[in-house]
Amino acid sequence: MSDERSALREYLAYHQSAYFAVSYGLTDEQARSTPSVSALSIGGLIKHATGMQRSWMARVASAPDAPPRDNRSFDEIAKARADEHVMLPGETLDGLLRAFANQNAEALQLVEAVNLDAPVPVPHHIPWFPQDIEAWSARWVILHVINELARHAGHADIIRESIDGATMYELIAGRENWQPTAWLTPWQPR
């Protein structure tokens with residue numbers, strides 16, 4: 001990484017890639033399952049990561065203006081947000097991963113082109129956003145997206161380990177066809 005922009009892009013891409021590793025080899029039923037005390041599933045986390053990136057990066061793409069306002073009622077928006085954390089019965093892991101990959105590509109292209117100092121207006125009509133700040137920088141929003149991806153990838157790690165005992169490095173090794181070593185055996189479906 002030679003500069004700030006390439007660092008942001010590489011960290012974003014790295015945390016995006018975690019979701020492909022953590023879901024490697026899962027069936028739709030496993031991706032939908034909630035094997036821990038949490039109500040979260042790997043499929044639901046992938047779906048949330050997709051929507052989270054879409055929402056935040058739309059704000060970056062529109063800066064310094066706000067993106068078009070969602071005219072649905074607050075209840076409709078809240079229901080959609082709740083569904084964003086759940087892999088619904090008609091959804092497939094493959095479909096969720098394709099949508100995530102498409103959103104990842106858009107986010108990475110935006111990081112390449114955006115003015116990192118561009119002001120991104122705070123949506124004051126949403127109650128959980130601060131009322132005393134007018135705008136974040138595009139840089140702050142990108143860092144926030146990286147933080148959210150990393151945080152939820154950690155949730156997904158725990159859920160995956162609860163499903164079948166697989167951990168991130170062995171999943172990465174299996175997905176990327178690494179050769180076994182004395183310290184790491186690539187994960188393979190049983």
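Among contacts in the protein (heavy atoms within 4.5 Å) between residues at least 6 apart in sequence, 70% join residues at least 24 apart. This is a predicted model, in which local features need pLDDT of at least 70 and side-chain atom pairs count only at pLDDT 80 or more, while totals for chains, interfaces and linings use all residues. Residues are numbered from 1 along each chain as its sequence is written, and side-chain values use heavy atoms, leaving out hydrogens and water.

Next, the overall build. There are seven helices and two strands, taken as DSSP runs numbered from the N terminus (helices H or I, at least four residues; strands E, at least two). Their order along the sequence is α-α-α-α-α-β-β-α-α. The C-alpha trace spans about 50 × 45 × 25 Å along its principal axes. Of the 190 residues, 41% count as buried, meaning under 20% relative accessible area with a 1.4 Å probe, protein chains only.

Now the helix pair. How do H1 and H3 pack? Helix H1, residues 4-22, and helix H3, residues 42-62, have axes 10 Å apart and an angle of about 155°. The axes are lines fitted to C-alpha atoms over the stretch in contact, and angles run from 0 to 180 degrees between N-to-C directions. H1 is therefore roughly antiparallel to H3 (over 145 degrees).

From H1, Leu 12, Gln 16, Tyr 19 and Val 22 meet Ile 42, Leu 45, Ile 46, Ala 49, Gln 53 and Met 57 of H3.

How values were computed:
Angles under 35 degrees count as roughly parallel, over 145 as roughly antiparallel, 65 to 115 as roughly perpendicular and the rest as oblique. Buried means under 20% relative accessible area, exposed over 50%, partly exposed in between (1.4 Å probe, protein chains only).
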